[in-house]
Amino acid sequence: MNAASAILATRVFSARDQAQFAAFSGDWNPIHMDPVAARRTHPGSQVVHGVHLLLWMMEAVSVHRPGLPPFVTVTGAFEQFVCVGDTVSVLLRRLDAAGFIAEIAAHGSRAAVASVKFGQSYLPCPPLDAVPVQAPPCAPLRLTEAVPLAFEDISRQQGGLALASPPDLATALFPRLCQHWSAARVAALACTSALVGMACPGLHSIYSKVAVTACAGGGLEDGVLSFAVKRADPRFRSVQMYVRAQGLTGTVSAMARMPPVSQLRMAEVACHLAEAEFATVRSLIIGGSRGLGEVTAKIVAAGGGQVFITYNRGLEDALRVQSEIRAAGGLCEIGHYDALAPVGVQLDARTLNVTQLYYFATPHISRPKHGQYDAERFAEFAEFYVNGLYRLCIAAREASPEGLAVFYPSSEFVDERPSGMTEYAMAKAAGEVLCAQLSRDVPGLRVISSRLPRLSTDQTASFLSSDIAEPLETLLPLVRSLGR
Amino acid sequence: MTESEVYERLTELFHDVFFRDDIVLKPDLTAADVTGWDSMKQVEIILCVEERFDVKLTTKEVDSLRKVGDLAGLIMKKAV
């Protein structure tokens, strides 16, 4: 048997698909299910379960190449996030007597890979003492919410997870694969998604790899995936676990993500300011519900100024910031604002009548791409960083008879141009040119732009530690300069 | 362990990590030369190296790696 790369299937995963797989696997982690929570993670939107991709690949091969030998070892690697709404395809890259390799293609690159090796039959599962997973000391877990496990608690985790649904649901979702490989194995493999996403590492996790061997018998309990942490490495926040279920043994690898970035509290900001330093400031902060906008709002408010912060999707985040500012005695209003939509229907003249405008509107910045330049991506960035900025500056200047100072955050990436950030850097640079032009041509309008270094926000968070500066140190002098 | 033994075993490791058998390891090969070699793959490579060669790399050593030759050199220094 030999086959060149062939596209076996193409689809777009929907929110309904997410719900269906979550119900089947038991993995309800918000990164898969909640668009507002997912926007605070590295991919910036809901992510398709990696194991769903793996099972889809195996199902596609089973459908298009019937009669294959038993799938004895299955290795799946989840290399790039696939988001809800992405168009993805299964490519069969290699098929021969030994096995096959299939890939998920998304955005012109490989997002996941499945490597399956064939065998003549399923050997008996190794004896219990050969795979260091013990019978769970208590009833298997049935989790309805992902556990926010601290990394230092991970190494001693072990136990059992109840399979979320009966095997016949596996048959409904992956009929040919279940016929070939058994519904019990499909359900157990799906349950590893719940292990990673709900239990260990839990809430803040990334499933990176699974390697299992199909065998005959072998589970410690029917309907239970047993697990034990093999290794938790704090250098990389990586976790490896042994897993065992009816018909399967193997290992699962995952990373413990950093939780969403929390910015400084009001009291921590206030101690850097002179009393009532910004008492004459009326500010409008676009994107003030988190990240740099949140820190800026706290700086102005802690200095006695009035802030109006806007959010696009993060109402809860905006309410949190408002609550914190008000609890500290500050003045803060909130409102919804979409930087891509007309200004006048969203913000009234009273809201726009400010002395300072801070523009932190942005799409998700870091996403996989293919090729040197993506015109669509540049257009999206330009709509935020150029067109959206222009509309708002003009509208706010018209509503502000005392004149208006605007801060536009550009980026060091305009100079550095790291790989994959061409369109972002171009759009930021175009925004800088617009700022200079507006300052020159619009009376009473002063637009300051500054190339900011990488600062600690959700957009820069990574599971690897890196030298990223705290925003306050960078933003405070800029806020002060707007008042001069 | 000889240099050629290290490269032979590293090659097998890279083929396993990347699911490709066309990667040819040379001392000056860097992450930029291999599609998909990002920070997560880097972590996987380091963990596999430690397991397969029975060595342990410090954070400082990991941070100093720029090319495959650096990794091979470290392995030869540390592996028995």
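Modeller: Please begin with one pair of residues: A:Phe100 stands opposite A:Val116 in strand 5 of chain A. This is a predicted model, in which local features need pLDDT of at least 70, side-chain atom pairs count only at pLDDT 80 or more, and totals for chains, interfaces and linings use all residues. Residues are numbered from 1 along each chain as its sequence is written, and chains are lettered from A and ligands numbered from 1 in the order in which they are written.

Biologist: Over how many bridges do strand 4 and strand 5 of chain A pair?

Modeller: Helices (H or I, at least four residues) and strands (E, at least two) are DSSP runs, numbered from the N terminus, and two strands pair if DSSP finds at least two bridges between them. Strand 4 and strand 5 of chain A form a hairpin with 2 residues between them, and A:His107 in the turn has a positive phi of about 55 degrees. The two strands pair in the antiparallel sense, and the number of bridges is 8.

Biologist: Which residue of strand 5 of chain A does A:Phe78 stand opposite?

Modeller: Strand 2 and strand 5 of chain A also pair in the antiparallel sense, over 7 bridges. In that strand 5, the residue opposite A:Phe78 is A:Ala112.

Biologist: In what order do the 10 strands of the open sheet in chain A lie?

Modeller: Strands of a sheet pair through backbone hydrogen bonds, either parallel or antiparallel. Here the pairing is antiparallel, and the order is 1-3-4-5-2-7-10-9-8-6.

Biologist: Why is one side of strand 1 and of strand 6 of chain A left without a neighbour in this sheet?

Modeller: Strand 1 (6-12) and strand 6 (158-162) of chain A stand at the edges. Neighbouring strands of this sheet are turned by 20 degrees against each other on average, direction ignored. For strand 1, the pairing is with strand 3 (residues 87-95) of chain A, antiparallel over 6 bridges, and A:Ala6 has A:Leu92 as its bridge partner.

Biologist: At about what angle does helix 4 of chain A run to strand 5 of chain A?

Modeller: Axes are lines fitted to C-alpha atoms, for helices over the stretch in contact, and angles run from 0 to 180 degrees between N-to-C directions. Contact between two residues requires that their C-beta atoms, placed from the backbone, lie within 7 Å. Helix 4 (residues 50-64) of chain A lies across several strands, including strand 2 (71-78) and strand 7 (205-214), and its angle to strand 5 is about 60 degrees.

Biologist: How far apart do the C-alpha centres of domain 1 and domain 2 of chain A lie?

Modeller: The bounds come from an automatic or database domain assignment, which gives domain 1 (6-256) and domain 2 (266-482). Along its principal axes, the C-alpha trace of chain A spans about 80 × 50 × 35 Å. The two centres lie apart by 40 Å.

Biologist: Which strands of chain A stand at the edges of the open sheet of 6 strands?

Modeller: The order in this sheet is 13-12-11-14-15-16, and the pairing is parallel. Each edge strand has a single partner strand, so one side of each is left without a neighbour; the two are strand 13 (331-336) and strand 16 (445-452).

Biologist: Are A:Gln356, A:Leu357, A:Tyr358 and A:Tyr359 buried or exposed?

Modeller: A residue is buried if 20 or more other C-beta atoms lie within 10 Å of its own, exposed if 12 or fewer, and partly exposed in between, with C-beta atoms placed from the backbone. A:Gln356 and A:Tyr358 point one way from strand 14 of chain A, and A:Leu357 and A:Tyr359 the other way. A:Gln356 stands opposite A:Ala405 in strand 15 of chain A, while A:Tyr359 is the bridge partner of A:Ile286. As for the four residues of strand 14, all are buried.

Biologist: Which helix of chain A runs at about 165 degrees to strand 16 of chain A?

Modeller: Helix 12 (residues 375-399) of chain A runs at about 165 degrees to strand 15 of chain A. The helix that lies across strand 14, strand 15 and strand 16, with that angle to strand 16, is helix 15 (residues 471-482).

Biologist: How many residues does the contact take from chain B?

Modeller: The predictor gives the complex an ipTM of 0.93 and a pTM of 0.85. Chain A contributes 12 residues to the contact, and the largest share of that side, 3 residues, comes from strand 5 of chain A. From chain B, the number of residues is 7.
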